[in-house]
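Good morning, and thank you for coming. Please have the sequence and the model open on your screens.

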Amino acid sequence: KYKASTTKILRSYWIDGGLLWALELGFQLVMSNEDTHRGENHWQGDPVGSEVYKQIHLFYTDTIEEAKMAFTAQTFLGWEDALQGRLARAWRDLSLEGLRL
């Protein structure tokens, strides 16, 4: 229910550069009850870890640099906070229009 409504809102904006993929992975990480690695700057998933860790590792090998930086910044702040609207400033770099999150 919540994932569908969040995705609908995000798709109403012009989203490029891996933003939606990054946000979906972050939300999946929180909902998976796995360690979110809050406070870490260098974590990039795990190719032999849980399914969500594998997807995050793939994200880091297959997306643009700005999306990687935004994901890393949000990991440092905490993905739990993203669900409450506290998003890293690095997300702005992914939108040509300076999408305010």
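R38 is partly exposed, with a relative accessible area of 42%; on this scale buried means under 20%, exposed over 50%, and partly exposed in between, with a 1.4 Å probe and protein chains only. This is a predicted model, in which local features need pLDDT of at least 70 and side-chain atom pairs count only at pLDDT 80 or more, while totals for chains, interfaces and linings use all residues. Residues are numbered from 1 along each chain as its sequence is written, and side-chain values use heavy atoms, with hydrogens and water left out.

R38 is placed in the loop between α2 and α3. Helices here are DSSP runs of H or I with at least four residues, numbered from the N terminus. Which residues does R38 touch, not counting those up to four places away in sequence? They are T75, F76, L77, G78, E80, D81 and R86, where contact means heavy atoms within 4.5 Å. The C-alpha atoms of R38 and G78 are separated by 4.7 Å, although these residues are 40 apart along the chain.

Two polar contacts of the R38 side chain deserve attention; the term denotes a pair of N or O atoms within 3.5 Å, where within protein one must be able to donate a hydrogen and the other to accept it, and residues adjacent in sequence count only if both atoms are side-chain atoms. One of its polar side-chain atoms lies 3.1 Å from the backbone oxygen of L77. The side chains of R38 and D81 are joined by a polar contact of 2.7 Å. D81 belongs to helix α5 and, at 13% relative accessibility, counts as buried. Setting aside residues up to four places away in sequence, D81 touches R38 and R86.

Is N33 buried or exposed? N33 is exposed, with a relative accessible area of 71%. As background, most residues other than glycine have a negative phi.

Next, helix α4. How does the span of α4 agree with expectation? The 13 residues of α4 (residues 65-77), at 1.5 Å a residue, should span 18 Å, and the end C-alpha atoms are 19 Å apart, which agrees; the expected span is 1.5 Å times one less than the number of residues. Within α4, the buried residues are A67, K68, A70, F71, T72, Q74 and T75. These buried residues pack against α2, α3 and α5 (79-82). After α4 comes G78, with a positive phi near 115°.

T75, in helix α4, is buried, with a relative accessible area of 1%. Its side chain makes a polar contact of 3.1 Å with the side chain of W79. Beyond four places in sequence, T75 touches T36, H37, R38, G39, E40 and W43.

That leads to the interior. A nonpolar core is a set of buried Ala, Val, Leu, Ile, Met, Phe, Trp, Tyr and Cys residues joined through side-chain atoms within 4.5 Å. The largest such core has 21 residues, and those with the most contacts inside it are L29, I56, F59, F71, W79 and W91. The elements giving two or more residues to this core are α2, α3, α4 and α5, and α2 supplies the largest share, seven residues. F71 touches, among others, L25, I56, F59, W79 and W91.

Finally, the aromatic rings. Rings of Phe, Tyr and Trp (its six-membered ring) pair if their centres lie within 6.5 Å; planes under 30 degrees apart count as stacked, over 60 as edge-to-face and the rest as tilted. By this rule there are six aromatic pairs. F59 and Y60 form an edge-to-face pair, 5.5 Å centre to centre with 85° between the planes, and both residues are buried. The rings of F71 and W79 have centres 4.9 Å apart and planes at 45°, so this pair is tilted; F71 and W79 are both buried. Ring pairs link W21, F59, Y60, F71 and W79 into a cluster. Thank you; I welcome your questions.
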